Amino acid sequence: MRNPNPSLILTVSPEPAYRPAFEQFQKGAGMHIFFSTGDPSGDQHAAHLVRALRERVPGVRFSGFGGPLLKEAGADLLYPMTDLAVMGVSAVLPLLKTFFDLAKKGRRYLEEHRPDAVILIDYPGFNWHIAK
């Protein structure tokens, strides 16, 4: 079911104990969101989300794995994952080491940079390793 008010998260009044963090989120002060998407449709969804968040919360920083649309929307890419969008065992096997190396790179990045949120879009075979 579609959310009738997509900006609801930004208009809800938090409990008093959470108000300072909520206000910081609304300003985007130092907020960092990491994306991981590996196919063209996921890249498109991620880019739309980045643009929508940037309109509502200026100052948010975006990084992650994605494609040209996510980069064009303003995210810093660790690797252009859409270059690796393949289907079928015979197409994946030659790239297996690359996928494991990138998953390791992603985990290291997450440990070092500690983003405020991680958004995984599609690409379950790869994103499973990022989610761990």
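Which helix holds both Asp101 and Lys97, and how many residues apart are they? Both residues lie in helix α6, 4 residues apart, about one turn of the helix. The legends below start with the whole chain and then go to single sites.

**Figure 1. Overview of the predicted model.** This is a predicted model, in which local features need pLDDT of at least 70 and side-chain atom pairs count only at pLDDT 80 or more, while totals for chains, interfaces and linings use all residues. Residues are numbered from 1 along each chain as its sequence is written, and side-chain values use heavy atoms, with hydrogens and water left out. The protein has 7 helices and 4 strands. Helices (H or I, at least four residues) and strands (E, at least two) are DSSP runs, numbered from the N terminus. In order from the N terminus, the elements are α-α-β-α-β-α-β-α-α-β-α. Of the 132 residues, 35% count as buried. Buried means under 20% relative accessible area, exposed over 50%, and partly exposed in between (1.4 Å probe, protein chains only).

**Figure 2. The largest nonpolar core.** A nonpolar core is a set of buried Ala, Val, Leu, Ile, Met, Phe, Trp, Tyr and Cys residues joined through side-chain atoms within 4.5 Å. The largest one has 14 residues, and those that touch the most other members are Ile33, Phe35, Ala46, Val50, Val60, Phe62 and Leu70. Strand β1 (32-37) and helix α3 (40-56) each supply at least two residues of this core. Helix α3 gives the most, with 4 residues.

Figure 3. Side chains of opposite charge can pair when their charged atoms come close. A salt bridge is a side-chain nitrogen of Lys or Arg within 4 Å of a carboxyl oxygen of Asp or Glu. By this rule the model has 2 salt bridges. In one of them, the side chains of Glu72 and Arg51 meet at 3.5 Å, N to O. Glu72 lies in helix α4 (residues 68-72) and Arg51 in helix α3, so the pair ties together parts that are 21 residues apart in sequence. Glu72 counts as exposed, at 61% relative accessibility, and Arg51 counts as partly exposed, at 35%.

**Figure 4. Salt bridge between Asp101 and Lys97.** The closest N and O atoms of Asp101 and Lys97 are 2.8 Å apart. Asp101 is partly exposed, with a relative accessible area of 35%, whereas Lys97 is exposed, with 60%.

Figure 5. Lys104, Lys105, Arg107, Arg108 and Lys132 form a positive surface patch. Patches are made of residues with over 30% relative accessible area and no salt bridge; like charges are joined within 9 Å, and nonpolar side chains (Val, Leu, Ile, Met, Phe, Trp, Tyr) within 5 Å. Lys and Arg count as positive and Asp and Glu as negative, while His and the chain ends are not counted. The place of a charge is taken as NZ of Lys, CZ of Arg, CG of Asp or CD of Glu. Arg107, one of the patch residues, is in helix α6 (residues 96-113). Arg107 is partly exposed, with a relative accessible area of 32%.

**Figure 6. A nonpolar patch on the surface.** Val89, Leu93, Leu96 and Phe100 form this patch, with about 390 Å² of accessible area together. Accessible areas come from the Shrake-Rupley method with a 1.4 Å probe; for residues, only the protein chains shown count as cover. Val89 is in helix α5 (residues 89-92) and is exposed, with a relative accessible area of 61%. Phe100 is in helix α6 and counts as partly exposed, at 44% relative accessibility. Phe100 and Phe126 are 26 residues apart in sequence and 8.3 Å apart in space, C-alpha to C-alpha.

**Figure 7. Arg114 and its backbone angle.** Most residues other than glycine have a negative phi, and most peptide bonds are trans. Arg114 has a positive phi of about 45° although it is not a glycine. Arg114 is in the loop between α6 and β4 (117-121) and is exposed, with a relative accessible area of 63%. The C-alpha atoms of Arg114 and Phe34 are separated by 9.2 Å, with the two residues 80 apart along the chain.

**Figure 8. Asp83 and Asp39.** Asp83 lies in the loop between β3 (76-80) and α5. Asp83 counts as exposed, at 58% relative accessibility. The C-alpha atoms of Asp83 and Asp39 are separated by 8.3 Å, with the two residues 44 apart along the chain.
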